[in-house]
Amino acid sequence: QAMTDASKRDRVFLSYSHRDSEWLDKVRAVLNPDVRNRRIQYFDDRELDPGDPWYQEIADAIDYAKVAVLLVSPNFFASRFIVEDELPRILKAIDDGLTLLWLPLSGKLLGPEAIPGSEKLAELQPVWDASQTLDSMPEESQTSRLVDLSRRINKLLNPNRIPTRIPFLTLGNLFKGREAELAQLDEHLRRQGSSAMVQP
């Protein structure tokens, strides 16, 4: 099969074990505002309807993904479909313009005691330190990591559309066309800050 034209890669594909579906829900929760506002196109196998040719749909989704997000855990590597079909297809697509972001969910994923299968990802940098698995973090840290992930995906999919210096990227479109006013406000706040510093 011919490689996909890299310029046609325009969406995010999420690979996970069904046993980790609670984590899928958390990732989807942070991506949903951008999906609803059509800033990103998204696919995981929950998008499939009964009667869909599921294997072909998944293959096509990988072929057109610009970003693949992997929720990596012992369950992930226990899935025969992931290990034998999905993951090799994703890894092959890296040479064709796909960016792979893998999230350490649970389990020992690197080093001599790593779970079998994880060596397939050993050469690829995880989204954060693989020793800090998501399931070992407090809930606020989990949310913070996943929000950072959503920003990263947004930048990869929309490199020219993300406004700078806006704390919540999904709110960016509210400010389109008001750059001059924002610049004035920024200057005003900066002046206020510096005058406050020289006050006795």
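Where in helix 4 does a kink of about 40° lie? In this predicted model, the kink is placed at Glu86, shortly before the proline Pro88. Helix 4 comprises 14 residues, 80–93, and its first and last C-alpha atoms are 19 Å apart, close to the 20 Å expected at 1.5 Å a residue. Glu86 is also among the buried residues of the helix, together with Ile82, Leu87, Ile90 and Ala93.

Asp63 belongs to helix 2 (residues 54–63), and the two partners are 26 residues apart. Asp63 is buried because its relative accessibility is 11%, whereas Arg89, at 26%, is partly exposed.

Six salt bridges were found in the whole structure. One of them joins Asp96 to Arg9, with an N to O distance of 2.9 Å. Asp96 lies in the loop between helix 4 and strand 4 (99–104) and Arg9 in the segment before strand 1 (11–15), so this contact ties together parts that are 87 residues apart in sequence. Asp96 is buried at 10% relative accessible area, as is Arg9 at 4%. A further salt bridge connects Arg39 and Asp34 at 3.0 Å; Arg39 is buried at 9% and Asp34 at 2%.

Aromatic rings form one pair in the structure. The ring centres of Phe76 and Phe77 are 5.2 Å apart and their planes stand at 85°, so the arrangement is edge-to-face. Phe76 is buried, with 0% relative accessibility, and Phe77 is buried at 10%. Elsewhere, the charged end of Lys26 sits over the ring of Trp23, 4.5 Å from its centre.

Methods:
Residues are numbered from 1 along each chain as its sequence is written. This is a predicted model: local features need pLDDT of at least 70, side-chain atom pairs count only at pLDDT 80 or more; totals for chains, interfaces and linings use all residues. Side-chain values use heavy atoms; hydrogens and water are left out. Helices (H or I, at least four residues) and strands (E, at least two) are DSSP runs, numbered from the N terminus. The expected span of a helix is 1.5 Å times one less than its number of residues. The bend at a residue is the angle between axes fitted to the seven residues ending there and the seven starting there. Buried means under 20% relative accessible area, exposed over 50%, partly exposed in between (1.4 Å probe, protein chains only). Rings of Phe, Tyr and Trp (its six-membered ring) pair if their centres lie within 6.5 Å; planes under 30 degrees apart count as stacked, over 60 as edge-to-face and the rest as tilted. A charge sits over a ring if NZ of Lys or CZ of Arg is within 6 Å of the ring centre and within 35 degrees of the ring normal. A salt bridge is a side-chain nitrogen of Lys or Arg within 4 Å of a carboxyl oxygen of Asp or Glu.
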